[in-house]
Amino acid sequence: MMYGVPGMVARRLMQLLPVMIVATFVVFSLVYLMPGDPALMIAGDYATPERIAEIRQIYGFDRPMLVQYFAWLANVLRGDLGRSLFSNEAVLTLILARLPHTILLVLYSLLLGAMIGVPLGILAATRQGTRLDKFITSVASLGVAIPSFWLGIILVTLFSLGYRWFPATGAVSMFENPFEAVYYATLPAVALATSVVAVLARQVRSALLEVLGSQYIRTLRAKGLSSRAILWKHGLRNVSATMLTIAGLQINRLFSSAVIIEAVFAVPGVGNLISYSALNKDFPVVQGVALVLVLVVIFTNLLVDVLNATFDPRVAAST
Amino acid sequence: MARNLFGNTPDITRRSLLAGTVAAGGMALLPAKARAQAPQPRSGGTLRAVMPFNPAALDPLTGRNNPDFNVLFMLFDALIGFDPATLELQPMLATSWKFTDPKTLVLELRQGVEFHDGTPFNAEAVVFHLQRSMTYERSNIKSDLAVIDKTEATGPYQVSIKLKYPDATLPAVLSDRAGCIVSPASVKAAAGGNVDRAPVGTGPFKFVEWQDNTVIKLVKNANYWGDKPYLDGIEMRIVNEFNTAVRTVTAGEADIVLNMSAQQMAVARRDPKVAAEASPSMIYYTSFLNYGDGPLKDVRVRQAMNWALDRPVLNQVLWGGLGGGHCSMFPTGFWANDPTTENFYTKDLDKAKALLKEAGLANGVEIQTFTWADQAAVQRQEVVSAQLAEAGIRLKVTPAQPAQTMQYFLTEKKGHMLLTPTGGLPDPATTYDRQFSATAYRNAAKIELPGYRELMDASMNEFDNAKRKAVLYKMQRFVLENALHLPQFTSAGIIVRSPKVQSFAFGLLQRPRFHKVWMQA
C-alpha cells in the first residue's frame, strides 16, 4: 500500500471512475427526464409526424433510457464522446474549441479575486473592529450579494458603451493573441471576480483572526516577535490551507457562474455551449460537457489536497 | 406622433412604416440632381452581422428553422426567387417555369452558372438535387416534395417535373429549401453525402468557415452569374442572448443585428448612432386550438374567445405597435389577405358572453393552455389571459420550453390550446395546409371541418392567380368563421444596424439576400 502524497493521489484516481459514472448518469437522467422531444427540434418548424417518428428511429430515441445511456458510456470508454445531434460536430472538438475561453475567464477572475480579496482579508483581520474592518466586511457582504450578470451589464454600460475602454462582447483565443485575449476577458473576469473577492476577504479575515487569537501566537508575541513577522511567518502560513480550499471551491463555482457571464458577454465558452445544448436537448454535448466539468472538479479538489498535503504532511496521512 | 410604451421616443407604427416605404419609393421620382446627392453604392468591406440563432445545418435539405435563411440565401440561389416585399415569384436559377398540364411543371434553367466548386449548374444538377431532397435519409423536406412523381432532364437546361396530383404551390416550394440547389459534386465527395458544414451553392457568397454557435464566415463569389455583390465578405456572429446581440451594434462591434424583438428595438432607438427598423412579416402570433375534443370542440366557445380579444391593444402592448393588430394570418397588403375579412373579429365582450351562454357556459369556461416559458411569451400569455378573462374565459397555463409545449399539446394531446408564433412560409395555401389539414402536425385535433378540404384542394388545383386569390379569400373567411385558431397579431421583422449599412431588406419572410447590401465608407 502506498502512503503519503503519492498514495493519496492513487486513492483519489481510483475513486474517479465510479464518481464519473454516477455524475454522468445523474446528468443523463435529468436531461432525459426533462420534457421535450429532441426529434421535434431536429425535425424543424414544419415537421410531419412521419418525419418525427423516422428521426426517433434513426437517432435511437425510441430505445429505453438505460440502453441509450450505456451505449453512450461504452463509446466514452473507447474515447469517443459522440457527435452533436444538431451540428454533427464531434463533441470533443466542440469542447476543446471552447474550454480555453472558459479556463481563461475562471483563472483570470480567480487571480483578480485573490489579488484583491486576500489583502483585504488580512487588512480587516489585522485591524479588527476599526472603521476599515467594518468597511471591508460591508463591501464583502455586498460583493456576495451582487449578481454577477447584473454587475456585468453595469460594467458593459460604463466601460464599453460609455468610455469605450473595453469590448462589450466577444473573445479572442489565447493561442492567437494572448494580450488581446486577456483584454477581451477583463470585464467578464471582473464581473466574476467580485464574489471571489468577497468570499476570500471574509474567509481569510475569520481564519486569520482565529489563528492570531491562538495561544501559540500569544506566546510568540510574549517572546518579542514583531507583529509583521508573526503575520507573515506564522499567521498566513496557518491560513494557507483555508485559502487553498476556498480557492478550489471558487474554481468549481466560477465554472458554473461562467454560464451566465458568457451569455452576457457573448463569450464562446463551455458555459455557453452547455446552456445552448441543454435547451436543444442535445444529449451528447450536454453529457460531454458534464463529463469534462466533473473531471475539472475532481482534479481541482485533488490539486488542492496535494498542495495542502505538501504544506502539511498530516493531511496526507489522514486522507 | 404617438408615444410608445417604452419612453419618450416616438413610436414606429405601421402607418409610419408605410410612410417610410412611400418616401423610399418617392426617391426614384426625384430629379436627377437631387438623386445624385444620395449615397452611391460602393464595393468593398466585410459586413459584421449578428443573429441570435445558430443554424442547425447549412445544407438546405437538413436544416430546419427559418433563421437559417439569414445565411442560406448568401450561399444558395433558389430555382425560383421572390420579391421580398410581396413574395411575387421571380426568375432566379430558373429563367421561366410553366405548368404544361396540371400535373407537369417545366423549368427552363439559366445557362452559364457555376457552383462555387467550379462545376456547372444544369438540368442534371437540378434532377440530382430534387432526387436527393426526396430520398436522402436526413432530408427534412421530403413532405414538401411528396407531390412529385418523377423529375427528368428534358434538355441540358430544361427540367420536367411530373406530379402525382395538381399542386399550384410547387413553384413557391421551389423558392424555399427544396429549390436551393446544392452542388452534386460536393455531395458525392462528402462522407455519407453530408454537406451540413460544407455548403456549396451558386449564391453571391462562398462558404469559408463555421465555428459552431460562434461565427460563420463567407467571402464574395467573384464568379457570380448576376451582378457582383458589393461586399468583399460577411462575418455572421451568433449571439444567443438578444440584449447582448444588440449591444454588439451599439458598441460598434457589429454592423447589423437580425431577428430582434420589440424590446430590443426600444432599447436601440435610444441610441442616435444606430438605426432600428421594423418591417411587415409573415410570422404571426396565434393559439393552436384542439377543436376535436373538450370545450373547444364547440365552435361557439372558439368564436367567443376570438370576440374577446382586443388585437390592436395586443399589438401595441406586446409588439410596440410594430405588427398588425388584426385577426388575419398575413400582413395587411399581402396578396392573399382579404382586407374585408382582416378585422372579422374585433373586441365585443357582449357577443363573447352571449356565445358562451348559448353553449351552456354562462359561468365561463376553463381552457388548459400551454405557452413558452421565456419572458416575452409569459408576458404575452398574461395579456391574452387578462383579455379572455373579461369574457369569463379562464386560462389554466403551463409554461414550458417550445419543444416541450409541442410535445405536450401536439404529440401527447394534452390541454386545449397552445400559444405560439408560427407562419413564415412563402405560399399562403401551404400556411393553411401546415396548420389546419388533418395530416398537419400542428393540427392537434387531426380532423378537418366540413368545407375545409374542398377549399384546400381548390387552392392547390387552381393555377390562375386571380382565381386562386379568390379561393384563398374564401379560405381566410372559413378559418375565421369556424374559429379554427385564436390569432392575436402579425409580427414584424426587426433589425438594428449602423447607418453605414445600406440597401438591406429583411422582407416579408425574414430571409434576406445580402447580394445588394453595401457599406458606406
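Biologist: How many helices and strands does chain A have?
Modeller: Chain A has 13 helices and 0 strands. Helices (H or I, at least four residues) and strands (E, at least two) are DSSP runs, numbered from the N terminus.

Biologist: What should I know about the model and its numbering?
Modeller: This is a predicted model, in which local features need pLDDT of at least 70, side-chain atom pairs count only at pLDDT 80 or more, and totals for chains, interfaces and linings use all residues. Residues are numbered from 1 along each chain as its sequence is written, and chains are lettered from A and ligands numbered from 1 in the order in which they are written.

Biologist: What does chain A span, and what share of it is buried?
Modeller: The C-alpha trace of chain A spans about 85 × 60 × 35 Å along its principal axes. Of its 319 residues, 39% are buried. A residue is buried if 20 or more other C-beta atoms lie within 10 Å of its own, exposed if 12 or fewer, and partly exposed in between, with C-beta atoms placed from the backbone.

Biologist: Now chain B. Which domains does it have?
Modeller: The assignment gives domain 1 (40-270 + 509-521) and domain 2 (280-492) of chain B; such bounds come from an automatic or database domain assignment. Their centres, taken over C-alpha atoms, are 30 Å apart. The contact takes 19 residues from domain 1 of chain B and 18 residues from domain 2 of chain B. On the domain 1 side, the largest share, 3 residues, comes from helix α8 (residues 262-268) of chain B.

Biologist: And the sheet with β4 of chain B: what is its strand order?
Modeller: The order is β4-β5-β7-β6 (chain B), an open sheet of 4 strands with antiparallel pairing. Two strands pair if DSSP finds at least two bridges between them. The edge strands are β4 (94-101) and β6 (148-155) of chain B. Between β4(B) and β5 (residues 104-109) of chain B there are 6 bridges, and B:Phe99 stands opposite B:Leu105 in β5(B).

Biologist: Is helix α9 of chain B covered or exposed?
Modeller: Helix α9 (residues 299-308) of chain B is mostly covered, with 8 of its 10 residues buried. Among them are B:Ala304 and B:Trp307. The buried residues of this helix pack against elements of chain B including β12 (275-289) and α12 (375-389).

Biologist: Which residues have the most contacts inside the largest nonpolar core?
Modeller: They are A:Val289, B:Leu79, B:Ile256, B:Val257 and B:Ala304, in a core of 227 residues. A nonpolar core is a set of buried Ala, Val, Leu, Ile, Met, Phe, Trp, Tyr and Cys residues joined through C-beta atoms within 7 Å. Helix α8 (residues 178-212) of chain A gives the largest share of this core, 19 residues.

Technical notes. Two residues are in contact if their C-beta atoms, placed from the backbone, lie within 7 Å.
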